Amino acid sequence: MSSSEQPCPLSHTEMIDAWFLEHRAKVLDLAAFLDRLDRPTGPQSDDFRVEALRNAITLLIDGQGDRTRRIQMMLSDQSSEPIDAAPMQGALGAIPPADAT
Amino acid sequence: MKYIDPHIHMVSRTTDDYRRMAQAGCVAITEPAFWAGFDRCSVDGFRDYYRQLTDTEPKRAAHYGIKHHCWLCINPKEAEDIGFAREVMSAIPEFLDRHNVLGIGEIGLNKNSKNELSVLETHLALAKERDTLVLVHTPHLEDKYKGTMLIMDAVANAGLDSDRVLIDHVEEHTVGAVLDRGFWAGMTLYPDTKCTPQRAVDILERWGTDRIWMNSAGDWGDSDPLAVPKARMEMKRRRHPAAMIEQVTFGNPVAFLGRSPNFSVDV
């Protein structure tokens with residue numbers, strides 16, 4: 001096989017026929033998650049992860065391409081030096097405010 | 001159609017998973033050393049783990065006609081205690097000549113700390129000294145981009161040939177740089193935290209099919225040991241040719257792994 005791009009052989013309409021319902025459901029899931037956050041039993045917080053999600057959503061509808069890579073970069077630490085010590089073993093999925101670059 | 005899952009942690013999986021993978025066409029796997037979900041507290045605990053990878057798992061896999069290979073290291077999640085990590089690394093050479101060991105892995109970074117980088121550099125020096133292949137873990141989520149860049153620089157500084165190093169867990173924001181610098185790239189198919197099968201096929205469509213493979217990285221967490229055949233089905237559903245599916249899920253793994261004299265698979 002060639003090392004160049006391998007475009008999807010399906011037509012635009014065939015792609016929509018195949019995956020529209022699946023992604024319609026994903027949009028509703030996302031909406032339902034944001035609705036869920038609007039009705040907490042206790043006080044609401046300004047969680048940086050939700051803010052990151054809202055910012056990512058704006059990239060979805062900005063009319064430009066390359067959305068996935070751009071969202072990945074928005075959610076990434078883009079500093080370049082190793083940190084002094086690992087603060088934990090896991091990851092959070094977005095950059096905590098103190099570490100934002 | 002047969003396939004290879006080049007990154008899966010079978011010590012965490014049941015025998016039923018071996019059976020289902022074989023039924024789906026899996027003929028070979030490679031199992032990198034990884035974090036058990038807790039920090040081990042003795043070097044002998046690692047020795048037992050390396051015995052499991054080089055003795056027990058090959059026998060379990062053979063019951064289902066699957067060739068089992070492995071990689072040895074201390075995972076970056078256990079690299080922060082640098083003294084202990086160095087003790088563990090000193091035990092690795094005892095096992096490197098065992099019949100199914102392909103090289104050093106999955107080494108890399110987790111939170112991109114100075115100690116993790118130091119342990120990575122020691123692993124890379126061992127790989128250079130023993131002339132082994134290297135399988136690299138890149139960090140999770142927000143740490144992946146930075147860690148991938150640091151890792152590629154560390155490999156270059158160690159004097160290793162990028163063509164003998166696979167950088168794993170690439171995603172849309174790292175795959176281009178990894179391939180451009182001459183490394184092999186692995187896409188891990190996870191439900192939430194890495195690539196879905198659909199996004200992995202999107203990456204193939206955008207960045208091509210040379211020097212890239214897909215794996216399930218099935219382990220004790222949210223993961224799917226049948227993720228590779230599911231990605232193959234996604235490629236088929238999009239009407240990609242059988243030769244392309246075969247290349248990414250069998251031919252490419254054979255091409256990279258075959259550089260180790262300890263790799264074998266019926267072709």
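The largest nonpolar core of this predicted model has 79 residues. Those with the most contacts inside this core are Leu72(B), Val134(B), Ile151(B), Val165(B), Ile167(B), Leu189(B) and Ala200(B). Helix H4 of chain B, residues 114–130, gives the core its largest share, six residues. In soluble globular proteins, nonpolar side chains tend to be buried together.

Neighbours within four places in sequence aside, Ala200(B) is in contact with Met187(B), Leu189(B), Cys195(B), Met214(B) and Ala231(B). Of these partners, Leu189(B) is itself among the core residues with the most contacts.

A residue of another kind in chain B is Glu94(B), in the loop between helix H3 (82–91) and strand S4 (101–108). Glu94(B) has 11 other C-beta atoms within 10 Å, and because a residue with 12 or fewer counts as exposed, Glu94(B) is exposed. Along the sequence, Glu94(B) is 47 residues from Arg47(B), while in space their C-alpha atoms are 9.1 Å apart.

Chain A contributes helix H1, which runs over residues 12–37 and has 26 residues. From first C-alpha to last, H1(A) reaches 35 Å, close to the 38 Å expected at 1.5 Å a residue. The helix bends by about 50° at Trp19(A). The number of buried residues among the 26 of H1(A) is zero, so this helix lies largely in the open.

As for confidence, chain B has a mean pLDDT of 97, with 100% of its residues at 70 or more. The model as a whole scores ipTM 0.94 and pTM 0.95.

Notes: Residues are numbered from 1 along each chain as its sequence is written. Chains are lettered from A and ligands numbered from 1 in the order in which they are written. This is a predicted model: local features need pLDDT of at least 70, side-chain atom pairs count only at pLDDT 80 or more; totals for chains, interfaces and linings use all residues. Helices (H or I, at least four residues) and strands (E, at least two) are DSSP runs, numbered from the N terminus. The expected span of a helix is 1.5 Å times one less than its number of residues. The bend at a residue is the angle between axes fitted to the seven residues ending there and the seven starting there. A residue is buried if 20 or more other C-beta atoms lie within 10 Å of its own, exposed if 12 or fewer, and partly exposed in between; C-beta atoms are placed from the backbone. A nonpolar core is a set of buried Ala, Val, Leu, Ile, Met, Phe, Trp, Tyr and Cys residues joined through C-beta atoms within 7 Å. Two residues are in contact if their C-beta atoms, placed from the backbone, lie within 7 Å. pLDDT is the predictor's confidence in each residue, from 0 to 100.
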